[in-house]
Structure formats: C-alpha cells, structure tokens
Amino acid sequence: MSLVRFSGAVSLLVFLVLPAMAAAQAMIADTSGRKQPLTTWGIQFEELEYRYSDDDEELGVWNADAFYGTDDFKVRLLSAGEYEIDEQAYETLEHQLVGQIPVSRFFDAKAGVRFDTPEGPDRTYAVFGVTGLSPQWFEIDASLYVSKEGDTSAALEAEYELLFTNHWILTATLDATVAFSEDEEIGIGKGLASTETGLRLSYDLIDRAVSPYFGVVHERKYGDTADLAETAAGSTEDWFAVIGARIAF
Amino acid sequence: MNASNLIVAGLAFSMSVSAFAAGTHGGGHGHGASIGEPGKASEASRTITVEMHDNYYEPEEIRVKPGETVRFVVQNKGNLVHEFNIGTPGMHEAHQKEMRMMVEHGVIQGNKLNHDMMNMDMGNGHSMKHDDPNSVLLEPGQSREVVWTFANQGNIEFACNVPGHYQSGMYGDVNFE
Amino acid sequence: MNIRLGAVVLCLLMPSLALAGEYDLTVDRVEIDTGDFVKQGIGYNGKSPGPVLRFKEGETVRINVTNNLDEMTSIHWHGLILPYQQDGVPGISFPGIKPGETFTYEFPIQQAGTYWFHSHSGFQEPDGAYGALVIEPEGREPFRYDREYVVQLTDKHPHSGDRIMRNLKMMPDYYNRKQQTVGEFFSDSSEQGFWNTVRDRLAWGDMRMMKADVEDLQGFTGLINGKGPEQNWTGLFEPGERIRMRFINSSAMTYFDVRIPGLDMTVVQADGNNVQPVTVDEFRIGVAETYDVIVRPRDEQAYTIFAESMGRSGYARATLAPEAGMEAAVPPLREPARLTMADMGNMHGMDHGNMDMGSSDDMAGMDHSSMAGMDHSGMSGMDHGSMMMDNQAQQDPFYARGSGLVPTAANGGKFLSYADLRAQNPLYEEREPTREIELRLTGNMERYSWSINGVKYEDADPIRLKYGERVRFKFVNETMMTHPMHLHGMWSILDVGAGQWNPIKHTINVNPGTTVYMETEVDEPGQWAFHCHLSYHAAAGMFRKVIVEGGPDSQQAKTEVMAEDGGEA
C-alpha cells in the first residue's frame, strides 16, 4: 500500500471511528434521582377528638398513622389511644409497627407488631393483615393479632366517605373486634368482642390538612366481653358526642 | 402582430369571454362598478406576473392608474391550492364563506381540486365551479390569466380566500396612483 | 503587512461573530406573586417566567447557565433539534449543573418557530423555572402579521412541587374539589332518573374510578406571562392589525381551552412547525404544546384572552386592548368535565357491569384512509340540510366516541381538532415505517403510580432505536387521563390520516381510551428522554430513555440485533 493510501486509511479511522467511540462512551448511565424509586412519607391523625359520653365520661382520643417508603415497601407506625380525663389513665393505648407491600391493584398486605400499654396489663401481638380500597369505595383494614400468650383475635375496620359538598364530608366508620380465645385479664371474651361505630361530619378547612369535625360514636361490647365488663363495673354500651379535627401532612 | 401573438390574444379573449358568459355560483357577488370589470387583453396596458406561494403573494402590492386595464399572469408556485381574487375586503369575506363550503364538500383538498365535484349540480342550478372573471383558483404548478379593468378608485385587495389563507396574510393591496 | 494580517484575521472572525449569539442565564430563587398568593419559587435571571430568548435560524448559540441554587439544576430546550449532550436532561444528556457552576450550552439552531425552555431537575419547572424561546426563520414565513406576543400559560399552585407529589401519593384526589357530591346525585336523578343514577354510581364504584378524575391538580392560579387573572397581562394593538400570538402551555398538569370572545383565531403553527392555516373559535392546548395563531381585532375595544382549564376548575386570563387599563368581560367557568364509560375504553379486566360499551373496535380507532378528502362523487343532488356540516355532532376522532372530554366551542363555533392539522412544509418524505413499537400508557390512580407498558422508569430498560429507521409508535391509553407524550430530540409525525401532510409535533396528546399513532425518523444519535409531560406522572414513573444506536458516520460494525419486533420498552 502506498504511503498516501495508508495515511488516508489511518485518518479515516481517526475521523470516523474515534468520534463514534467517543460518542458511545459519552452516553451516560442515569444515576440521577429519577432512576430511584419514588420515596414518600406522611403523618396523619385520622381522629384527634374529645369524647363526651352519656355517662358523663370524658375522653381524649386519637388515631394516628405515619408512613415512609416506596410503592413496593412502606413502613408504618400506628398509634391509637383513649385517655380518660377524669381518671388520668389510658383506657386504650396501642402502638403498631408494620411493613406493607402491595398485593393487588387496590390492596396491600401488612405484617408487624403491636404493643398495648394501657392502664392495666400490657400485651404484645404479632400483626398480619390486608388493607386497601374495596369496590364501592370502602376503605378496609383487616388484621389478625396473635398475642405472645397465643391468644388470637381479628379486627375489621371499614370507612366510607359521603361528600355533601367538596368540603363537607360525612364519614362513617365501623371497627369490629372478634376474639378467638378468651383473655380475661384484659376483659376480652370469646366471639364478637366489641364494635365501635362512628359518624363524623367534617369540613376541609385547610386543604386536606386540617379538617375539624363533630359527630357521634357508639361503642358496644358483646357476649362474654360484655359479661366481663359488667363484672368489672364497667359499661357495655356507650354513646359519645365527639368533636375534633383530622390532621394530615 | 405576428401569428403567435394573435393566437395568444385570441386565447385570452376567448377565455375572458367564456368566463364572463358562464354562470356565477349563486348568491350574487356584487361585482361591477365598485371594483371594475373584466377587461380585454388587447386593451391591457401592462402585464403583471403574480406568484402565489404558501401562503403569500409576490408582489404584495400593486399600483394602478384609475381605470387602467391590467393583465395578470397568475402562477401557483406553492404546494397548495391558492386563489387570486380581486375584490373589496367585504367581497373577500363573503367569498371566504363560499370557499369554506368548497373545502367541506371536498372540492378543495389541500393541494388538489376535485373537478368532478366542482361541476356537480348542487340543486337550484348552482354548481361550485369557480369561474368568476375576477378570480382564478389554481392547483400547484398551474398558471392562468386574469384581465381586469379597474374602477377609478376603491378599497381593493387581491386575496386568496381558501380558508385560513387570507387570515394568515395572503392578500395584497391595490393602490391607486 | 500588519494591516493586511489584521484584515485577514478580522475576515476570518467575522463569520463566527455573525453566526454566534451568546446568552447568559442565571437560575435563582425568586418570589412569585400571582395576585392570589405569593410564593418562593425558581426563576431565570431573577424572575419567573424567565426572559424570552430570541434565536435566529442558522446561528450557533452559546448559553451560559449559572446555577445560583443550592441544588442541581438543568435547562432543557423543549422541541429543539440539537446534539444530545445539549438537551439538558440530567442522567441522560449530562450529569446536570452543580450549585455555583456555570454550564455552557452550545448548539446550532436548525429550525424556526415558537418553543420554550425549562428545568428538567426535580420539580423546578412547576416551581417556576420556565421561559419562552422564539426562533426567527431564515426565510419568510408563510403568513404575515403586524405584531406578535408570547402568551405563555402555566398553572401556578400555592404548594411546592415536592409537596404536591407527596400529597398526590398519599391521597390521589387530594386536589380534586370537583368530585361528585350528594347534590349532584339528586340533580342527576332528576335528569336521568333515580335508578339510572344509582346504577351509574354503582358501575363507577365497582371500578373504584371517579368520573370526576379529569384534573389531578386543582386550586392553581392560571398565569399568562407570569401574571394572574387579577394582574391581567395586557397586549396592546391598533385596530385592524394582524397579531401573531405565540401560545405556549408551560403548565405542570393543566390543559387549557383557549378562546378570545369576539375574535376568531387562525392557527398557523403547532409545536413550532407551520401548519396549513385553519381558523377556529377555540382550541385546547395540552401541556408542553405550542400553537401560534393570528388574530385581527378590528374594533377599538378590549378582548379577553380566556384559557379555561379542561376540567373547568380554574382559568388564566389576559387582555388584548388598544390602550392599557382597558378590560373586557371575563366569562364564567363552564360545568366541570365528567368522564364517561367511553373513556374507559382501553382498560383491560374491568368489569363494567351492565354498561353497554360497544365493541372496542368502534371506539378510539381511527380509519384514516377515509378521513382526508372525503369522496363525495357518489352523491347527487345534495340536500344541504342534512349535510354533516354540523361540527358539533361530528365527533373528534382523537377522542373516544362518547367521551366526556370532547371539547365544544363556548360560542358554538369551531373547536380545533388534531384532525385539522396539516403540515405546511413537510420535513420528511413519506415512507413506510421500518417497524412499530407499542407503548401502552398505564397507571394506578389509587397508588398514583404511572408507567408505560406497566413498567415504571426505575424498573425499565431503555427503548433502543437504530439510526436511520422510521419507527411508528402506537400509544394505547389504558388510563382515564390525558397524557401529553414528549419525545426529546426528534420529531413526532402525528398520524392524522393525511399521508405526507401529517403534522410534525414534539408533544402528542393521547386522550383516555384512545390509540394514537405517530412516526419518528430516527435521525439524531445519542440518548433521549421520552415521557409523559404531566410533571407528577413523569416523576411517578411514566418516563423512558431512548437510545439511538449508530449515527451518520459510524460504520454499522455493531451487530446489535433487535431481539423481537416491537423492541424493548
């Protein structure tokens, strides 16, 4: 090959292949945040209220929920309590730490632990359940609890919202607990243990962040649980007027 | 005059005569005194070549003397069907409605004319033939003449009334010296 | 000798001076006052929107961007054809611009028209980082006008972009205040009957979908050129002038229906490309789209430029007037839009109960062979009364038949449809596509996660294209939301059934329950972003990277074999 042709070939190589190679090298991989799963968090007080019962009982009640995670895995911390103002004691104080993953388009499965530390004996439970949105817009939360002692119970929570206007919302709640074994120490009898139903009318004052409400709550104990309550000189059925606010951010 | 000139003149004459003789498409255009009348090629004082592009004319202004007869050679150098129409703004607005109908009926299809459609009987003896003497409707690449004797004065524009073209600025002013 | 040398040097420099424009932009924290609220945001050169950049076709521009924020930033030139490293997408074009850094973009301008630029980092764009880009053509444009205005729309919200994303993930209807209420149940009952209304509510409840799910983000203040309705941006004119209005929708999430009561508008450009002029009374501009229209106000009065959001939850408003201070009446918002079962057309596995939906064939799909230039030769003696000139009855083929989103002009006149757009000067010769790639637009509203083919960006492989091919993209919208799909760096030739006259766009809106086709000549090497331009959908996963393999010079020694037709998505 003549020198001219040789240098021609070399320059062809230099001018064509090298830039192409350089260009190929320059195509970067995406290490930006966009390639990471979207992480979100939130804190909500679904209930933060003052309850006044037909027996002149006054309670401070809350039901709070904080979560952190991605579409594929979330960690949730739940806290619920009923504080008896006169007696300065917690009738109910529950904390749950669960991990949650999606199992279907509208439902998640969850598993974790629950710590009950009210006035009276403490309890620790393992939690398993599903939570999500059922057809016709019911928010469902179904959980199975297994205590350290082996007592099992299940709870079903359902919530439905009716929009009077885009700001006035009527929320109906149902919370039912079924115990599969008796736990006399904390006053739980076998079978349907208790229900709590509520009807709250809220007004979205600040976005969905602050929504004050008032309403009515009905608590009732059944069967053996009711018997145990009567023995302990407690009530088996209560009606409450409630006033409070839903806080979310 | 040599033979070819005679032929051209004869052609131009017969074209303008046949255009004048053919019916209008209904509705009355109000031609006539306000803007002038069809002229005879032999009386034309000059020839102006008007190029139609997408979507504008070259030139965009012509100056005429009151009563002058001008022969326009209109060439469509664009990719779309265009019109060269001499009239007042009011006439153009009315004609735009008719042109819109022609588009809706499929007579004007972007860069083509549907000649069968044009000749169809719309009822009442009307058709959508675009054959007024003051205007030509051309497909890309076509060329045709309009010979016009202008009135002594008036607010006259030449314009393309294919829907949207006038609004985009496909018009030119006729200014009297 | 020295003089001659100097003259030679000067002559050598001249061309570069004439052809180069140099521009400086700073990215800053700014205060945004909408008239309804004041909020900290991000802007360019100290304000939001940023300055209108004016380039010239044929010049090479240098834009020095200085990042005065304490976080990474970027600028993407929306709709521009340029080398991929200049496209401004962190992670795809370049690493991004660090705080304090000055990055210089440099690229040749190969087009003309109206475009825009915005940050492609985080939620900086909804927070205010956007501006307009006007490119003067080399030759003359196919239209004339006496003056021009940029009319840039956005949906500025009192919440920051990060907060909005978090709220939407927590509660997808967080911002939806147009939901169906008890009151609507009663009014629907009186109109359609009690049991029909019950059945309707049950059918939608079964799907866990809301027909009120038209706009994810409500509660914004519509801005035009940075001014809210109260602040009333005003463009002056002299009666009789033709005004070119460069409408740009720089919103995060909102489609606007634009009209100027009293004036009709002649659309001459869409997405920066000239279209055969079409005169309309109203048009819908999707997120990231642009439309250039010419109006000719003849009277000495003010006209309101009214941009009503598609779901009717908000609006933007400005004025065209002969004198500053004049105002015209602002129309009230129309009734909130409601989806219909037709908009659910492409959803699989949906039990629609006993709703009669008809076959999926007669919904959505457009038979384009019969669309352009209807053949009337079979008709004789037409009865004009029954001619289908009634534009209202004639369905817009880009909406599902029976869709609740089909727009109608407020004055009963003509509403622009994609079907009306024809390229004025086609950029490419028509040819058969080399292959088709199907992209199903998917999502889960309850979880507020959005995806393409069921896969979010974080889990997706890039779409690989070969330089020189012509790809036909098939968008199948399996959601009930509109999605403006934007491919960076290469033109999207929208199939409206007009063959070589198909319009050339950069952002293609795909309506719920419809299938839309567009073709791309793969003529730009490198890697490009391809995503839904609704800010919170793109961030939730409706995003892809496109890799163009090969280029004009490289030898096709690479034997990358595409495994199957349709490619990876």
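## Notebook: chains A, B and C of a predicted model

**Entry 1, E106(C).** I began with E106(C), which I found in strand β6 of chain C, residues 102-108; helices (H or I, at least four residues) and strands (E, at least two) are DSSP runs, numbered from the N terminus. Before going on I noted that this is a predicted model, in which local features need pLDDT of at least 70 and side-chain atom pairs count only at pLDDT 80 or more, while totals for chains, interfaces and linings use all residues. Residues are numbered from 1 along each chain as its sequence is written, and chains are lettered from A and ligands numbered from 1 in the order in which they are written.

The scale takes a residue as buried if 20 or more other C-beta atoms lie within 10 Å of its own, as exposed if 12 or fewer do, and as partly exposed in between, with C-beta atoms placed from the backbone. Leaving aside neighbours within four places in sequence, I listed T60(C), R62(C) and Q86(C) as the contacts of E106(C), a contact being two residues whose C-beta atoms, placed from the backbone, lie within 7 Å.

**Entry 2, R470(C).** I then turned to R470(C), which is in strand β23 of chain C, residues 470-477. R470(C) has 18 C-beta neighbours inside 10 Å and therefore counts as partly exposed. Apart from neighbours within four places in sequence, R470(C) is in contact with R431(C), P433(C), T434(C), E519(C) and E521(C). For R470(C) and R199(C), which are 271 residues apart along the chain, I recorded a C-alpha separation of 47 Å.

On β22(C), I463(C) and L465(C) make up the covered face, while R464(C) and K466(C) make up the uncovered one. In a regular strand the side chains alternate between the two faces of the sheet.

How many of the 11 residues of α3(C) are buried? The count is zero, so to speak a helix that is hardly covered. After α3(C) comes G193(C), with a positive phi near 100°. α3(C) packs with α4(C) at an angle of about 125°, their axes 7 Å apart, which makes α3(C) oblique to α4(C); angles under 35 degrees count as roughly parallel, over 145 as roughly antiparallel, 65 to 115 as roughly perpendicular and the rest as oblique. I noted F185(C), D188(C), S189(C) and Q192(C) on the α3(C) side, meeting F194(C), N196(C) and T197(C) on the α4(C) side. By class, this contact has two nonpolar, four polar and one charged residues; Ala, Val, Leu, Ile, Met, Phe, Trp, Tyr, Cys and Pro count as nonpolar, Asp, Glu, Lys and Arg as charged, and the others, Gly among them, as polar.

I found 38 residues of chain C in contact with 30 residues of chain A. On the chain C side, α2 (161-170), α3 (182-192), α4 (194-207), β29 (526-532) and β30 (543-549) each supply at least two residues. That side divides into 13 nonpolar, 14 polar and 11 charged residues.

Chain A has two helices and 12 strands, and 20% of its 249 residues count as buried. Chain B has four helices and 12 strands, and 39% of its 177 residues count as buried.

Methods. Axes are lines fitted to C-alpha atoms, for helices over the stretch in contact, and angles run from 0 to 180 degrees between N-to-C directions.
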